[in-house]
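Trainee: I would like to learn how to read strand pairing and hairpins. Please take me through an example.

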Amino acid sequence: MNTFEKGVVFSPANTVEYAEGSVVSREILRNNAGTLTLFAFDAGQGLSEHTAPFDATVTILDGEAEITVGGVVHHPKAGEMLIMPAGVPHALQAVQRFKMLLTMIRG
């Protein structure tokens with residue numbers, strides 16, 4: 001597990017790097033309330049449709065994503081955020097490469 005020092009400023013977008021043909025993830029924080037995880041998706045990569053038992057937010061840090069939530073396609077760009085409700089099918093696709101912060105909230 002990756003450890004981040006609390007009380008120290010860092011740049012999330014510079015903390016996870018792209019890898020050719022891959023999805024890279026790096027967990028920032030995990031506790032009973034939820035998780036914060038950084039992702040870097042190379043172009044053409046994605047996550048197939050799935051559901052999560054908790055609400056989650058996606059904050060785009062770099063590039064543009066294609067995110068389908070409940071059959072509706074969204075194209076959030078750097079600086080934008082999308083809330084994915086618990087129990088609703090969603091999928092992510094990198095039409096171009098992008099980085100995101102996933103915040104999963106339990107409860």
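Trainee: How many residues lie between strand 5 and strand 6 in their hairpin, and which residue in the turn has a positive phi?

Mentor: First, the ground rules. This is a predicted model, in which local features need pLDDT of at least 70, side-chain atom pairs count only at pLDDT 80 or more, and totals for chains, interfaces and linings use all residues. Residues are numbered from 1 along each chain as its sequence is written, and side-chain values use heavy atoms, with hydrogens and water left out. Strands (E, at least two residues) and helices (H or I, at least four) are DSSP runs numbered from the N terminus. Two strands pair if DSSP finds at least two bridges between them. Here, two residues separate strand 5 from strand 6, and G70 in the turn has a positive phi of about 60 degrees. The two strands pair in the antiparallel sense over three bridges, with T68 bridged to V73 in strand 6.

Trainee: Which strand does strand 5 join through four bridges?

Mentor: Strand 8 (residues 90–93), running antiparallel to strand 5 (residues 66–69). I67 has L92 as its bridge partner there.

Trainee: In what order do the four strands of the open sheet stand?

Mentor: The order is 3-8-5-6, with antiparallel pairing. Strand 3 (46–50) and strand 6 are at the edges with a single partner strand each, so one side of each has no neighbour in the sheet. From one strand to the next the twist averages 15 degrees (axes are lines fitted to C-alpha atoms, for helices over the stretch in contact; angles run from 0 to 180 degrees between N-to-C directions).
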